[in-house]
Amino acid sequence: MTSNDMFGVLLRFAARQWPIVATAAVVAALVGFVAAGDVPDTYTATTSVSVDASALSRFTGLTGVEALLTSTRGDDFREAAAERAGVSEEDIGTGLRTYTGGIPIRLYVEYTADAEAEAARVAHTTAAFIVEWQEDLAALDLGKQRAIVDETRKTLERLEASMMDSEWEVADLEYKLWNIRRELVTNEAVLLAMEATYSYTDEPSVATVSGMRERLVTTLGAAVVGLFLGLALAVARHHREARRA
């Protein structure tokens, strides 16, 4: 017997035993509706962190998008994010969701709360904190580049303060200054690109999740369960009656 044949048999059986099936479905739906209670509306704020994929390909020491995403789902991040946002770790655990998507790729942050302003505030704070968090993860490479820039600036300052006597020494100094200034510009550009790999300038958008809709979904789910339970009861009754006959 194919699945279509089996479905047809179930439909015909349900039609013959409809009082039991319908009663079970209605009772289960009522129980589900009552059990769901008065579900309040909730609010989900969504914002995103922009990612410079070209910088990630050039500077391999930076934290990749997927590695950063994984990190935001860890206990250490959630504990720190909760402290930064001024909410409990439990709220962060249940209300925060992070994921990637889009072209160019972005890291999205969602936070759900009972109040619209709270959802937007925590989403905004967490997204900004993610940028700081990834800098900590890439502290070694960023620190190296910052040190290079600092040393280049100090070298330039020492050379600019130098006093030369001969024309040859002055010409040599000018050449060295030109090279150091060019090197400084290059190093500063690299550092700026590394620091701007992840940036947050977005503002959260907030969507309302209807509590009544959630209650109706729960009720519908309970009705489906009741429907199958009714079918099971009808089958059991049919077999019992068949044995008696």
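In the hairpin of strands E2 and E3, with four residues between the strands, Gly102 takes a positive phi near 90 degrees. This is a predicted model, in which local features need pLDDT of at least 70, side-chain atom pairs count only at pLDDT 80 or more, and totals for chains, interfaces and linings use all residues. Residues are numbered from 1 along each chain as its sequence is written, and side-chain values use heavy atoms, with hydrogens and water left out.

**Overview**

- The protein has ten helices and five strands. Helices (H or I, at least four residues) and strands (E, at least two) are DSSP runs, numbered from the N terminus.
- Buried residues make up 35% of the 245 residues in the protein. Buried means under 20% relative accessible area, exposed over 50%, and partly exposed in between (1.4 Å probe, protein chains only).
- Among contacts with a separation of 6 or more, 78% link residues 24 or more positions apart. Contact means heavy atoms within 4.5 Å.

**Strands**

- E2 covers residues 96-101, and six bridges join E2 to E3. These two strands run antiparallel. Strands pair if DSSP finds at least two bridges between them.
- Arg97 stands opposite Glu110 in E3.
- E1 and E3 also run antiparallel, joined by eight bridges.
- Val49 has Leu107 in E3 as its bridge partner.

**Nonpolar cores**

- A nonpolar core is a set of buried Ala, Val, Leu, Ile, Met, Phe, Trp, Tyr and Cys residues joined through side-chain atoms within 4.5 Å.
- The largest such core has 35 residues, and Val49 and Tyr111 touch the most other members.
- Elements giving two or more residues to this core include strand E1 (42-51), strand E3 (106-113), helix H7 (116-137) and helix H9 (167-195).
- H7 supplies the largest share, eight residues.
- Leaving aside neighbours within four places in sequence, Tyr111 is in contact with Tyr43, Ile92, Leu96 and Val122, among others.
- A second, separate core has eight residues, including Val149, Leu156, Leu173 and Leu184.

**Helix packing**

- Two packed helices are described by the angle between their axes and the distance between the axes.
- Axes are lines fitted to C-alpha atoms, for helices over the stretch in contact, and angles run from 0 to 180 degrees between N-to-C directions.
- Angles under 35 degrees count as roughly parallel, over 145 as roughly antiparallel, 65 to 115 as roughly perpendicular and the rest as oblique.
- The axes of H5 and H7 come within 9 Å and cross at roughly 125 degrees, so the two helices are oblique to each other.
- H5 passes H7 in a right-handed crossing. A crossing is left-handed if the near helix is turned anticlockwise from the far one by less than a right angle, and right-handed if clockwise.
- Residues making the H5 and H7 contact include Phe77 and Ala81 of H5 and Val122 and Phe129 of H7.
- H4 and H7 pack at about 110 degrees, with their axes 11 Å apart, and are therefore roughly perpendicular. Their crossing is right-handed.
- Leu68, Ser71 and Thr72 of H4 meet Ile130, Trp133, Gln134 and Leu137 of H7.
- The axes of helix H8 (residues 139-160) and H9 come within 9 Å and cross at roughly 155 degrees, which makes H8 roughly antiparallel to H9. H8 passes H9 in a left-handed crossing.

- Thr126 is found in helix H7.
- Thr126 counts as buried, because its relative accessibility is 1%.
- Not counting residues up to four places away in sequence, Thr126 touches Phe77, Leu96 and Val109.
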